[in-house]
Amino acid sequence: MASKIAIIPGDGIGPEVMKQALKVLEALKSDYTLDVDYDVFDWSSDYYLKHGRMLPEDGLEKLKNYDAILFGAIGDSRVPDDVTVWELIMPIRKTFEQYVNFRPVKQLKGITSPLADSHSGEIDFVILRENSEGEYSNSGGLMFHGQEKEMAIQNSIFTKAGIKNIAEFAFEYARKHHYSKVTSATKSNAITHTMKFWDKEVGKIAESHRDIDYEKVYVDALAAKFVQQPEEFQVVLASNLFGDILSDLGSAVAGGLGISPSANINPSGEYPSMFEPVHGSAPDIAGQGRANPIAQVWSLALLLEHIGRNDLHDHILKAIEKLLLDKTQVTNDIGGSASTEEAGDALVKILRESK
Ligand code: ATP
Ligand code: MG
C-alpha cells in the first residue's frame, strides 16, 4: 500500500525549497519504485490572513491520516510569532506526541566547517532533544507587577515518563544504528532539582542498556566540546532547552542552516512524525531564488528513512555530497553561485544518473 505524506510548504522560503524537495520526490517515485502519495496543504500566514486561523478546524484530524508530514517553514512579519508557532507547529507536535526532536550533525563531504582544521576526524553524530516538556513548559508568571519587588517565575516541568521516553529512545536509537555511546547533557551542579532528577532517571535507563556506554557531561563543557572535539560524540541526549541550544550549535558546526534538517518523531508510530529544515522562513532572502534547498531535501531523506526506505535516504545523501563537489551547483550561503531552482534541478539530475 502506498505511504501517504502531507506536505506543508508554509511561508517565505518554505515554498521555494519545498518545490525542490517535491522534484526529488517525483524523481524517486518514477525511477526508484517509491510508492508514496502526497497532498499539499496551503496552511501558512497567507491562509491565516484570509481565514483568521493557521489551519482549518479539522486540520489536525486530516493530518492524522498521513504516515508522515514534510514541513517547510513558517513565519511572517504580518502575523505575530506566537500565532504561527502556537497555532500550527505546537499543536502538530503536541497532538501527535512528537516528543523526540532529532537532528543529525554530520559534516557532508564538500562542506567546510567553521572549525576548519582545529579538529581531527569526522563530525557525525545525532542530537536527541526532549521536545514536549522541561524548560519549555509554559508555566509560571509575573508577580508583584509594577512594584519594586516585581519578579518572574518560569517553571520547568520534568516528568518521570517524559525523561524515560526520550532516554529510552536515545539508547534504542544508539543500539539500532550501531553507536556505542550516549552522552547526556546535564547541569545538576547548578540546577539542583530538575537536573538531578534528569540524571537519576536517565541513569536508570542507561543501567538497562549496559551494551551502550553512558556519560553525563555538564552542558557548558559539552558546548565547548562541540567546538573542540566534535568527533567524540555519537548520540547526544538533551532536555528541551539544552537540546535547542546544542542543536543550533551543532548545525553551525556542521555547515550552517541552509543544509540542516530535523525531525519531530512520534516513536510509537501511532501518529505521523514531522520532518522540517532547521531554518525558518528567512524573510530576508524570500522571493530572491537564493534559498538553499539542501536542508529541505535532507529532511525528505529523513522522512523516507522513517517510512522504511533507508536505501533512498542514503541515496539522497550521496547525491547531495555529489552536488557539493561543484560550486556552480550550490547556493550562495555555502559558497556557490546557483539559484534554488538550479540546485534542485542539478540534484534531480544526479539522482537520475546515479540510478
Ligand atoms: P524564524 O524566526 O522563522 O526562525 P529567522 O529569520 O529567525 O526565522 P531563519 O529564517 O532560519 O531565521 O534565517 C536565519 C538566517 O539564515 C537568515 O539570514 C537567512 O537568510 C539564512 N538562511 C536560513 N535558511 C536559509 C537557506 N535555506 N538558504 C540560505 N540561507 C538561509
Ligand atoms: Mg530563528
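1. Some housekeeping: residues are numbered from 1 along each chain as its sequence is written, while chains are lettered from A and ligands numbered from 1 in the order in which they are written. Since the model is predicted, local features need pLDDT of at least 70 and side-chain atom pairs count only at pLDDT 80 or more, whereas totals for chains, interfaces and linings use all residues.

2. Start with the inside. Helices here are DSSP runs of H or I with at least four residues, strands are E runs of at least two, and both are numbered from the N terminus.

3. Take Ile 69 by itself. Setting aside neighbours within four places in sequence, Ile 69 is in contact (C-beta atoms, placed from the backbone, within 7 Å) with Ala 6, Ile 8, Leu 63, Ile 92, Pro 272, Met 274 and Phe 275.

4. Helix H1 covers residues 13-31, and its 19 residues reach 28 Å from first C-alpha to last, close to the 27 Å expected (1.5 Å times one less than the number of residues). Among its buried residues are Ile 13, Val 17, Ala 21, Val 24 and Leu 28; buried means 20 or more other C-beta atoms within 10 Å of a residue's own, exposed 12 or fewer, partly exposed in between, with C-beta atoms placed from the backbone. The cover over them includes strands E1, E3 and E12, along with H9, H10 and H11. Just after H1, Thr 33 takes a positive phi of about 45°.

5. Now for two loop residues. Tyr 179 lies between helix H5 and strand E8, and counts as partly exposed because it has 19 C-beta neighbours inside 10 Å. Beyond its neighbours within four places in sequence, Tyr 179 is in contact with Ala 174, Gln 234 and Val 235.

6. Lys 327 sits in the loop between H10 and H11. With 13 C-beta neighbours inside 10 Å, Lys 327 is partly exposed. The C-alpha atoms of Lys 327 and Ala 343, 16 residues apart along the chain, are separated by 9.9 Å.

Key
Two residues are in contact if their C-beta atoms, placed from the backbone, lie within 7 Å.
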